[in-house]
Amino acid sequence: MALIVQKFGGTSVGTVERIEQVAEKVKKFRDAGDDIVVVVSAMSGETNRLIDLAKQISEQPVPRELDVMVSTGEQVTIALLAMALIKRGVPAVSYTGNQVRILTDSAFTKARILQIDSQRIQRDLKAGRVVVVAGFQGVDEKGNITTLGRGGSDTTGVALAAALKADECQIYTDVDGVYTTDPRVVAKAQRLDKITFEEMLEMASLGSKVLQIRAVEFAGKYSVPLRVLHSFQEGPGTLITLDEEESMEQPIISGIAFNRDEAKLTIRGVPDTPGVAFKILGPISAANVEVDMIVQNVAHDNTTDFTFTVHRNDYNNALKILNAIAQQMGAREVIGDTDIAKVSIVGVGMRSHAGVASRMFEALAKENINIQMISTSEIKVSVVIEEKYLELAVRALHTAFELDAPAGSAE
């Protein structure tokens, strides 16, 4: 008998009919003797509908109140799924993040989970109930409702699996696993049977939308076996694991991730003195804006040009802060660009193979794609390019690193 945490995303519970199908799937596992905890998202489109309502009142809604409102989406789903299970003779009970006591910090709209009180769930499991928990939400120590940011239900699922010491955390979604890249961009993309936490972490952080990055971080930290499966198609999915050995026999590159939601900011002609990076990035960080890639160039006149990328949603806020910094520091100018994208190659095989980056640059050069910024780590190389070349770049790299599915393959 296993303890399994199953997470179903918005499209999986998008209609009452789909919720009934999820209930059937959960019942099968329960009938096989497994203990089941189910984490669900809001019905697809519901969170966007609620945010749109808020924006009719205020262009920039107060984050605390926004969290109070958007957290109601999951409350509907948990109740409906519990009802559907009870209708099938499966004892079930639903809980909000507050009721389970998923304790978070107070960063509204992008809170982080601090701890989970699992006693209530364990009592219910012992009593033979399926426990249905609202994903994406928690409560801070003052009792305020918080949400975990887009895709936060994945994090809830993995965090619960870690707290309960579950045998597996299954993430059900509208794809049947993790692919070498987005199949909508590259028709010859292939499903991976296995991928390491490390590779998945890079893929998630670099724009792969299959799993939320914090979910992968949690899973890696607590060694929770994570499996990505299709909600309504049978199949083995992709197992995310600590095991690197088998991956070593696979290609050097496991996948290609990309992100369109990037923006670039440059402050030019800043006096090149010690602490300049902190003077620029300190206020940006204090405003809760995450900085991704950074490039600093020092000119012969002892000034520096400092360029960094942020999420496109944070661009206007970062630009305003940077303009204020530029005035204080006597910089020459501030320029920005929202028409960029980031493309990355990822693979643990890079550790044992030289020349991977040059192979990447060669593939892009053949397509006349100019590289604006480069960032590397042990198992990834990322480049910033013009957004209009994104799909061309991904296809070229997929072919260059021999990731294309063979002709006539079923994948």
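1. Let's start with R184, which sits in the loop between β9 (168-173) and β10 (194-196). Helices (H or I, at least four residues) and strands (E, at least two) are DSSP runs, numbered from the N terminus. R184 has 75% relative accessibility and counts as exposed; the cut-offs are under 20% relative accessible area for buried, over 50% for exposed, and partly exposed in between (1.4 Å probe, protein chains only).

2. A quick word on what you're looking at: this is a predicted model, where local features need pLDDT of at least 70, side-chain atom pairs count only at pLDDT 80 or more, and totals for chains, interfaces and linings use all residues. Residues are numbered from 1 along each chain as its sequence is written, and side-chain values use heavy atoms, with hydrogens and water left out.

3. Now look at G9, in the loop between β1 (3-8) and α1 (16-31). G9 is buried, at 9% relative accessible area. Leaving aside residues up to four places away in sequence, G9 touches S41 and Y172 (contact means heavy atoms within 4.5 Å).

4. Finally, β17 (residues 373-377) and β18 (residues 380-386) pair in the antiparallel sense over 5 bridges; pairing takes at least two DSSP bridges between two strands. A hairpin of 2 residues joins β17 to β18, and T376 stands opposite V381 in β18.
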